[in-house]
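Trainee: I would like to learn how to read a structure like this one. Where do we start?

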Amino acid sequence: MSVSAVPPTDSAAPAEEALRPHAETAYAAELAALAAADDRPRPACWQLSPWAVATYLLGGALPDGTVVTPKYVGPRRIIEVAVTTLATDRALLLLGVPGTAKTWVSEHLAAAVSGDSTLLVQGTAGTPEEAIRYGWNYARLLAEGPSRGALVPSPVMRAMSEGRTARVEELTRIPADVQDSLITILSEKTLPIPELGEEVQAVRGFNLIATANDRDRGVNELSSALRRRFNTVVLPLPASLEEEVDIVSRRVGELGRSLELPAVPSGSAEIRRVVTVFRELRDGVTADGRTKVKSPSGSLSTAEAISVVTSGLALAAHFGDGVLRPGDVASGLLGAVVRDPAADRLVWQEYLESVVRDRDDWKDFYRSCREAAEH
Amino acid sequence: MAAALAQYRPDTVLIEGPPEADGLLALAAHQDMGPPVALLAYVVDNPAQAAFWPFAAFSPEWVALRHALDHDVPVRFIDLPAAHTFVHEHEEEPEGPGIDPIAELARTAGHDDPEQWWDDVVEHQLVGDGDALAPFRTIADAMAELRPPGSEPSGGREARREAWMRRQIRAAERAGHRRIAVVCGAWHVPALAGRPSVASDDALLKGLPKVKVELTWVPWTHRRLSQHTGYGAGIASPGWYQHLFESADRGTVRWMTKVAALLRAEDHSVSSAHVIEAVRLAETLAAMRGRPLPGLAESTDAVRAVMCEGSDVPLALVQDRMVVGDRMGRVPDEAPTVPLQRDLTRLQRSLRLKPEPAERELDLDLRKDTDAARSRLLHRLTLLDVPWGSAATSRTGSTGTFRESWRLLWEPELAIKVAEAGIWGTTVESAATSRARDLAAHSGSLGEVTALAEACLLADLPDALPTVLQALADRAALDADVAHLAEALPALVRSLRYGDVRGTDAAALRELAEGLAVRICIGLPPACNSLDAEGAGAMAGHLGSTHAAVALLTDADELHQRWSATLRTLAERDTIAGLLRGRAARLLLDDNQWDAAEAARQMRLTLNPVTPPAEAAGWIEGFLAGGGMLLVHDTRLLGLVDDWLTSVPDAAFPDVLPLLRRTFSGFDPGVRRTIADRVRAGTDTPATPDRPGFAPTLDRTRAATARRTAAVLLGINHAPPGARGSAE
């Protein structure tokens, strides 16, 4: 069984930390209420109509008074395009930097469309072709020879034969030759089994949701043949500063508890500053929209902002006075921004000198960052 | 609109627009006329006061106009004459109804996007072949609901316009027309349908002041139609509407095919399968959103997800080229001349600059008002791409900053260029301002924008400057090449020194220049690493020009310190080419940041057998580039150079020779001779340890000569040379 680093899930994750139930179990009541209220046409084998799937993800109130909680907070358009893609039986590719809720969205889409989010292939550098096509039960293979009984179907193969939604996580981490075994499945909707001279044909309702990180370096780019089989939806980073500060504070609080770090007041000035710096460098323009800045080579995702604040908090707790101060986050920030020692250092210095220095209430922050940058 | 007119068969068409244009309407049917075009009205005495009525091919007014002309139906404009509206412009009245009626209706219907609601409820309903007039009736009813009688104050601009329109409708009825089609904003319908008494209208329109106006057709662009400010029509997606207007059927399919063709032309691989999937996605999306047909939002979402792989970069291209579109209108030659030409003629007369087909030279003294105005005019025309004058070197050879020389040549083609420039504005100044703004928005490199900023200053266009400076700041922030920044800085500082900038602009310009200098300070040391001889030479030039520019920025102590620190880094870092280190050392010495002893120490560190000879020669070249007088006066430095030169191994000498020759040949012959004399005399004899380069005692005879000259320069009376001389 291959294991890979699971990307940080979105902050909207349910509170249950360990042994978290699948989406279709956790939100069974909402799905049932939606199914009852849903009178619109459903595509073959879909549990809900596209409209109801979108409502499930975006939240809303039903005629019978049931309140559907929003699973995804972000542009409505994104979810509508994603659901419609699945309805036109095109495969869906969710792209985004870490921390943009790709996995979360894919799980809930599968749960709402097929009532089952467990047909999952986790992509890693070592994912074999068997994980996507099929494997063999070697004891039976030796005993009986090639037969349907000796064949171990992959989640994708099961989804095809049952007309459900399969999920592939971190598609770009899978080696290119293994990725390409998806081409036949997606274009011909069939999976040949040459050993048996048979094939598995996809039943109506089969579809595939893949997620991938578009800013990571060193990934296996999708071949254009495979790329063509997907409709691509890019999940954006949090739209506003407040939203992102909120996500970071919440996640830092959760992580801090498990590391037994002191609690930070939500929306503390340092968190706000770190998030502001991340956003400004990422967007290439200052928050007031007046000055442009260069963007460094790193992805500066929300997940990284969370780790900068958490490590700053650990520094403050173990070596400082327990209060998060500019000096505690400065070195972490430098590490997050300066990935390429030559180019990014310039970017960071320019940013410090042309933006941070002129902010009146950022003086101590500016000093700490300069000190960190000089050592 | 076309369907409604075809069904109604009007015997006269009245359109909301300036009635002065009636004489020009026939031109609309001219074969050389191609929308988008605009009717331009301007005050004859003051062309800067102008108004535009833009028309796209899909504008209802244009459709009605063409219908009338094609069917030989009389057509007239019935809005309040521009002659009156111009006088009233200073009243600062809110134009239009004050509320957005469509938004109001959409909100009532429970939609938050008015344009989308309009498309769904009105535009897409026209597709059927039912009663083409029905939508118009519905809208009229809706507007009547929004404007119950007596809900608005009488008087005011809107009331006067409606009164005038009613008067024109009555006139048409009196003329015996029975089937009158009035094309106007839906908002006006209730006011025009209801008939207050003739007397009350007359009262409203009585004694309106007027000015003399003229009108003409000018070509327009889709891009300008989409602008919400200025004279744009505020149509966000003219290209999309043009497409809907032109394509008879299967609008989504045609649109996707066009998008695919555009993306292919830009090297994106887009296959027919992509088009098919995009159309399917758009249609399903529309169905899910409960819309009758895919609108622009659905099409854009589908293009992004299927053809652009989720990326907004190619999508921006689609947005720019197709949704807005770069269609440019055409106007027949018979259209009256544009006001820009009139303004130019007026300026040419008042400045006594005749457009002559023979080349002639013109020397301007910018201290004189007329000459300054002439210079501004020529600079502005250059900005407008009307190259009447080109900068020339003065025949008299005077080079003061208040002098400018031009070579003037008026070629007939320039008249066409003026007509083309008419799209930018009605006067030379306003046109040059808009053109400069547009150039700032579309120029690529930092150098271009810097040149543009300088041009704006020379052409005295203060209104364009903020936009240009913002563009400059943006380019500077994103430009990773220090050389570009260094090229931009001197021009900026020059502009600042030129003192032609007014009030707040000077502060903005200053801030910009200082910001640029700080960026150079940060970026210069890494950029100077590991350069070859050619690169180092270019960078040495930048170093010098930046140094001069920074020195000219007064009251910036922090910046000066930072710059000195940067120079010190350059001078002391081993990995930097000798030429640059020498240059930096010299600049520090000239600036009194280093004293002679420190310079000598650095020279000793560099000029020794350990340093590769070519490197050392480069150092000397950089250090002495500012002139050789230093060696004449500081015998210690000369001694160091001399010692080093004698220690260069024979094998390396031929490599070093050209560099040294280049260095020393740049000196004045006198300096060269003096140095040679010093070397011949031996460098170490006369020098005193505390004052290198000075004799131990004062040479009174030579001092007296210098003293006399100084006295003349200072205007001091010629004091008798005496014993006090040495004390002074």
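Mentor: Start with the term contact: two residues are in contact if their C-beta atoms, placed from the backbone, lie within 7 Å. Keep in mind that this is a predicted model. In chain B, residues 24 or more positions apart make up 74% of the contacts with a separation of 6 or more.

Trainee: How many helices and strands does chain B have, and what percentage of its residues count as buried?

Mentor: Chain B has 33 helices and 9 strands. It has 728 residues, of which 39% count as buried.

Trainee: Which residues have the most contacts inside the largest nonpolar core?

Mentor: The largest one here has 181 residues, and Val468(B), Leu489(B) and Leu580(B) have the most contacts inside it. Helix α23 of chain B, residues 503-528, gives the most to this core, with 12 residues. A second, separate core has 90 residues, including Val53(A), Tyr56(A), Ile185(A) and Ala260(B).

Trainee: Leaving aside neighbours within four places in sequence, what is Leu580(B) in contact with?

Mentor: Among its partners are Cys528(B), Ala536(B), Met539(B), Leu570(B) and Gly622(B).

Trainee: How many residues does each chain bring to the contact between chains A and B?

Mentor: The size of an interface is often given as the accessible area lost when the parts come together. Here we have residue counts: 28 from chain A and 25 from chain B. On the side of chain A that touches chain B, α4(A) supplies the largest share, 6 residues. That side divides into 10 nonpolar, 9 polar and 9 charged residues.

Key: Residues are numbered from 1 along each chain as its sequence is written. Chains are lettered from A and ligands numbered from 1 in the order in which they are written. This is a predicted model: local features need pLDDT of at least 70, side-chain atom pairs count only at pLDDT 80 or more; totals for chains, interfaces and linings use all residues. A nonpolar core is a set of buried Ala, Val, Leu, Ile, Met, Phe, Trp, Tyr and Cys residues joined through C-beta atoms within 7 Å. A residue is buried if 20 or more other C-beta atoms lie within 10 Å of its own, exposed if 12 or fewer, and partly exposed in between; C-beta atoms are placed from the backbone. Helices (H or I, at least four residues) and strands (E, at least two) are DSSP runs, numbered from the N terminus. Ala, Val, Leu, Ile, Met, Phe, Trp, Tyr, Cys and Pro count as nonpolar, Asp, Glu, Lys and Arg as charged, and the others, Gly among them, as polar.
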